[in-house]
Amino acid sequence: MEAVGYSLCRIWLLFLLFWLGQGRQMAPPGFVESSCHSRIFWMKLNKFLLQGKFFQLEINDPYVGPVLLDEKLASRCGYVLSEDVWGNPVFRASVLGCHVANKADELFSLTVNIKVSSFSSMRAAVTYTYPMYCSYSSWASREIVCEENYMEVSVRTDVPAVSNDYTVAWMSALPETQNVAYQLWQLMFVSPSGRKTITVSDAAKLGYSFNNTLSRVYLRAPYHTNESDVSVVSGVNMNMVTSTSMYRQRWLLLLIDTTVSCPVDGISFTDTTLTWTVPSVIPTLVVQESTFLSKTILMGVDGRVIVNPEEKNYLLEHNETHIGINVPIGAEGGKLKSSISGGVYGVIYSIDLFLEHTWTDADWQTTKYTVIKSITTPFMPQIPTVINNTLPEERLFNVAFGHFLPDVSLVAIAIGNVPFTLREAQRHGFKIYETPFSNRTKGFVLEVSFDDPYVLKEYVNRNETKYTLLVNYSMSVGPERTPYYHSAEVECVIADIELPEAVGYCDEENLYLVIPTFGLHRYWNLYLGSKPLNRHVALSNGYLAATNSTHLILQIPLFAVGVIYEEVSFQKIKARFDVALRKVRTMETLQMFSVRCNFNSSAFIICHPDGTIMISAQMKTIPAIDMSKTKLRDSSCKPREYNEEHAFFKFHVTTCGTSVRFEGDHIIYENEITYEKETLPRQSIPTITRDPDYRLTVLCYYQAKETLVLGAFANDPSTSPPFGAGTMVPRSNIAVYRRIRQALNVVSRVSKDESFTEFYEPNVAIIKQPVEPVFLEVELKDESPDAELYLENCWVTGSLDFNSTPRWNITVDGCEINGSEYVGEFCPVAVSPRVRHPAHFKRLAVRTLTHRLEQVYVHCLVAACSPTNALPGSPCRGQCSSRWERKGRLSASLQGYILAGPVWIVDPDLR
């Protein structure tokens, strides 16, 4: 044997030198891997060395040279070209295949040319010649190989000559042999369509391959030919070719059974396991089933026998009818591959199995039955999961996204619909990294701070924030780099908000609330009753609001709108001011901020929501009067308490002679406090009095849409109806005010700028900085086109009261003056679509010369002048403008009064 082996080595060396001499190259290291398993050549090419290239295989025939391998040649000659589960090209060849050099049915060789090119046309290809060798001598009487694309049966030519049982199939073949020519092989096929006898050359045209070696005859057939049949054996579909090979030589008549049968299915799957089932006994191959005896059953993966399948979690089991191989999805030896189907991520598992079953029976002594099967599962959806490992104490989202196979990579992310490449995400401050899992998968971890601007933040409950991270993952899946997208939403709620606490205090005339500004307008708002307490409401109600970097300071005058009077007595008031802290989105009241103080006030009027009016009137007259003798319109309504200078009245709007009237959107209740004069009798006739004539008018204003309620206070202060606004005016002032205001029909308005085209709405607080002028326009209504409006005297005060002090004049006798606090400047009036008669308009720009922060009103006495003889001292003499001289002498026919404001002069930082 050693001599024979030495000779063979010399032969193969000569072959190799010959091919090298023909310009062939040796394959680079690691490019080709080959072996011989159970009479089959196995060759594997390294896919990484073929990236971006094309390749072909040629079979070197010892006699005719290279033959290009194609599908037709492969199935006829016993070749298979496919890929393993890892994507490496795999070539398999039967040792009985075409072009294989056979040495005594024991030593076999096959040389393959591997042509590699960068072009699909295979031009400029490099050819690597690769010889393979196989030694196989343990032939069974019959050997059957079920490959992917062909079935092969080989039998020894010495057995069996004729079956001892003379079965029908054999007996039916005997007459045919009489017509077989000497020294000529013929094949007889038996199928449901009938019997067909053809020569070997004709069989080759049909895709069959028949030949004999020194000691064996073999038949190779493709699947599903016309001569084949499909039958079901133990639930498995079997493709079967029933044939008899016939040979006659003078005195020898040889009939050989070359029937072959191979499974074409038998694969089943669950979510966790694939099962491959093959019949234990195949009736067409075992004529006498009673003599059947199974000897060995082996399984293998990727061409290698697995000696102890259970060590790799495989299960090989068999019984009288079946042989089953169970493989867990993802088991070693196979490959899981990521895939996308319909936008859904999933996996596909592939494994290359083979089964080798050896049995004996009375007819064939020993049969070795080998099946090679590449199995791939259907697409199995694997919905990725988002694992929330967020660390609230670190204010950090930690989100793991998996599980994925190693062939998946993260390409980009989007946070809150803002896309980031991985590099951009890292630069922004996001942390992204891979993490392995226990089942040989991986995940992608994303870390994002709660405070990142792309994290959504929502104030919830009382003192909690809900942080929401919206992530869109962009993945690349598999070697095909199929795009895959997945969105995730992760939330975390933590108690990280501290509710503000307000501090209240008072002085002699005001209540104060100091409220932290953190969270205002973001998490919560301040409400006064049902209205949001914004700057407009504050200014309209007479509050003074100031802010710094941390707090809002509210100054609320004692008699301002919104103040609640809990107790009112003679010269004493217990007042409260409430502000509600409400959530921005839900309006839920979280806290009530209150300040409560006692005040000593000498004069006040309070209009309760239930219609109760309480007045502390201060009457300073010369000579002094007896306050106990003051009364309301109903003389029975006397003061409840009094002293030398004050009287305290308490009555309901429906009593004491109170009158009511409607004016605009207000209901006005009016009464008067009067004093009965005492006279000194002279001969019983009252002729002498020492008491002054005094009347104090009392007014209470209520919003018409508010309803007076019984009881001064509701249980919920935030929903209590508002107090009315009250005022007390001496009768002499009322008379002057009414006489002047009702004498002339004039309208005043404040313009937003010097163009006098846009004006502030009535009852809207006007806010100006100290350097900004107030643009006042006065219009004369319903007068003759010849009349001219004249601003006699204008002044600025801090109150709407006609007689309030201090006051700063800005025009006197129609002339602009430069005061120390305020200055006024007339603005020209031109004809426009709104101004038909410019003489009916006067415009005035009022500027402050100080930076004092306050609330001011502009008062003006006006006159309407017409062409006539003007009397000396008349306001229409026009002593400050030459235009009065040009128009001739004018006379004042009507006079009037206008009031504009309030205007708030505020710091620029508080607007």
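A residue counts as buried when its relative accessible area is under 20%. In this predicted model, R576 has a relative accessible area of 10%, so R576 is buried. The residue belongs to strand β46, which covers residues 572-583. The side chain of R576 also has a partner. A polar contact of 2.4 Å links it to the side chain of E566.

Aromatic rings come next. The structure contains 30 aromatic pairs. One of them joins Y345 and Y484. Y345 sits in strand β27 (residues 344-361), while Y484 sits in strand β38 (residues 482-494). The two residues are 139 apart in sequence, so the pair ties together separate parts of the chain. The same cut-off for burial applies here. Y345 has a relative accessible area of 1%, so Y345 is buried. Y484 is buried too, with a value of 5%.

A further pair is formed by W808 and Y822. The ring centres lie 5.6 Å apart. The planes stand at 55 degrees, so this pair is tilted. W808 lies in strand β63 (residues 807-812), and Y822 lies in strand β65 (residues 822-827). The pair links distant parts of the chain, 14 residues apart. W808 and Y822 are both buried.

Aromatic residues also gather in a group. Y345 and Y484 belong to one aromatic cluster, together with F401, F404, F444 and Y473.

Charged side chains meet aromatic rings as well. The charged end of R582 sits over the ring of Y527, at 4.8 Å from the ring centre. The charged end of K583 sits over the ring of Y459. Here the distance to the ring centre is 5.4 Å.

Four strands form an open sheet in the order β20-β21-β25-β24. Their pairing is antiparallel. The edge strands are β20 (267-269) and β24 (315-318). Each edge strand pairs on one side only. On average, neighbouring strands of the sheet are turned by 20 degrees against each other, with direction ignored. Strand β20 is joined by three bridges to strand β21, which spans residues 273-279. These two strands run antiparallel. Across them, I267 stands opposite W276 of β21.

How values were computed:
Residues are numbered from 1 along each chain as its sequence is written. This is a predicted model: local features need pLDDT of at least 70, side-chain atom pairs count only at pLDDT 80 or more; totals for chains, interfaces and linings use all residues. Side-chain values use heavy atoms; hydrogens and water are left out. Buried means under 20% relative accessible area, exposed over 50%, partly exposed in between (1.4 Å probe, protein chains only). A polar contact is a pair of N or O atoms within 3.5 Å; within protein, one must be able to donate a hydrogen and the other to accept it, and residues adjacent in sequence count only if both atoms are side-chain atoms. Rings of Phe, Tyr and Trp (its six-membered ring) pair if their centres lie within 6.5 Å; planes under 30 degrees apart count as stacked, over 60 as edge-to-face and the rest as tilted. A charge sits over a ring if NZ of Lys or CZ of Arg is within 6 Å of the ring centre and within 35 degrees of the ring normal. Two strands pair if DSSP finds at least two bridges between them. Axes are lines fitted to C-alpha atoms, for helices over the stretch in contact, and angles run from 0 to 180 degrees between N-to-C directions.
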